[in-house]
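Reader: Could you take me through a structure feature by feature, giving the general idea before the particular case?

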Amino acid sequence: MRIHGWRPLVLVGAVLAGIVAAGITGPAAADRSVHRGLTLGADVAQVAVTPVPCAKQGFELRFGNTGKNAVYADAFLEADAPLTLSRKLVSSYLPPGYTLKVRIDVNAPRGTAPGTYSISVKAGDQELTLPVEVGEAPVDTTGNLARYVPVTASSEHLPVYPVCGAVDGDRDSEHWAKGTGWNDATRGNFPDWVQVTFDQPQAVSRVDLYTLNSKQYPAAGYGLKDWDVLAQVNGSWQPVAQVRDNKAGLTSSTFTPVTATAVRILALASNEGLTYSRIVELEIYQ
Ligand SMILES: [Ca+2]
Ligand SMILES: [Ca+2]
């Protein structure tokens with residue numbers, strides 16, 4: 001900035017007067033002036049959350065700059081325990097007049113008591129408080145033991161193919177690449193696995209596996225070819241079924257009932273060769 005003659009003194013004097021008037025000194029004053037014009041908002045007035053694994057829920061944070069100058073700014077997010085947020089910091093360059101939109105996932109661990117919780121977002125001198133309504137955990141009514149319990153995998157090809165997609169209730173392969181199916185992240189390396197862990201031991205005698213089988217990607221070309229079904233019984237893994245040379249979209253494995261604490265699919269080979277393991281939906285029944 002080029003300023004000539006007496007103007008710098010006047011300017012400095014005016015700024016100092018402003019700082020004194022506001023009761024602010026030192027670096028805080030500089031921060032405050034830099035961040036003037038920041039705005040915070042959300043796409044919803046309240047976030048609805050259910051305390052289950054894999055629920056897709058949250059809000060869109062709107063982080064704007066109505067000031068005349070571009071700024072680098074931070075928004076800090078906090079949630080009441082035990083809620084979790086996909087991000088606790090959003091740092092961005094914000095040109096004048098620009099509003100950044102960022103998706104924030106909000107999750108509640110299983111067992112979270114239903115009720116009203118709160119998320120706080122702070123940026124500069126702005127603060128946004130967003131209520132979060134945690135509802136009752138849904139209960140499966142179809143007999144599928146794989147719904148609403150923890151699911152894990154040897155790897156996940158994120159963000160498009162999370163293991164949660166393999167137990168989300170969506171069996172439709174035409175929804176592939178929309179987060180509704182699992183694809184591992186270790187191309188060419190087998191085995192891969194997906195595991196469902198029960199809250200308490202369950203009698204299990206059938207596993208339905210929907211592998212990728214869309215018009216574009218038929219099972220015979222892209223689906224899972226070979227896998228073992230393992231059940232965790234009294235702390236140790238037992239093979240309960242084997243599938244070999246599969247070409248079908250849906251394969252149902254039935255076996256002598258076992259009382260299991262977890263079920264694991266051990267993926268051994270793909271019809272595409274040395275590429276990936278893919279499961280659109282995994283269902284487990286008594
Ligand atoms: Ca699915
Ligand atoms: Ca792999």
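This is a predicted model: local features need pLDDT of at least 70, side-chain atom pairs count only at pLDDT 80 or more; totals for chains, interfaces and linings use all residues.

Reader: Which residue does a disulfide join to Cys164?

Author: The disulfide joins Cys164 to Cys54, with an S to S distance of 2.0 Å, and Cys54, at 25% relative accessibility, likewise counts as partly exposed. The torsion about their S-S bond is about -70°, so the disulfide is left-handed. Because Cys54 lies in the loop between strand E2 and E3 and Cys164 in the loop between E10 and E11, the pair ties together parts that are 110 residues apart in sequence.

Reader: Which residues coordinate the calcium ion (ligand 1), and why is the arrangement called octahedral?

Author: The donors are Gly165 (O), Asp168 (OD), Asp170 (O), Thr180 (O), Val280 (O) and Glu281 (OE), at 2.2 to 2.4 Å. The six donor atoms subtend angles of 70 to 178° around the calcium ion, which makes the arrangement octahedral. Thr180 lies in the loop between strands E10 and E11 and Glu281 in strand E16, so this pair ties together parts that are 101 residues apart in sequence; both Thr180 and Glu281 are buried.

Reader: What is the strand order in the open sheet of four strands?

Author: Strands of a sheet pair through backbone hydrogen bonds, either parallel or antiparallel. Here the order is E1-E3-E7-E5, with antiparallel pairing, and the edge strands, E1 and E5, each pair on one side only. Five bridges join E1 to E3, and Leu38 stands opposite Asn65 in E3.

Conventions
Residues are numbered from 1 along each chain as its sequence is written. Chains are lettered from A and ligands numbered from 1 in the order in which they are written. Side-chain values use heavy atoms; hydrogens and water are left out. Donors are N, O and S atoms within 2.8 Å of the metal (3.2 Å for Na, K and Ca); water is not among the atoms, so sites may look incomplete. Four donors count as tetrahedral if all angles lie between 85 and 135 degrees; four count as square planar and six as octahedral if opposite donors are over 155 degrees apart and all others between 65 and 115; anything else is irregular. Helices (H or I, at least four residues) and strands (E, at least two) are DSSP runs, numbered from the N terminus. Buried means under 20% relative accessible area, exposed over 50%, partly exposed in between (1.4 Å probe, protein chains only). Two strands pair if DSSP finds at least two bridges between them. A disulfide is a pair of cysteine sulfur atoms within 2.5 Å.
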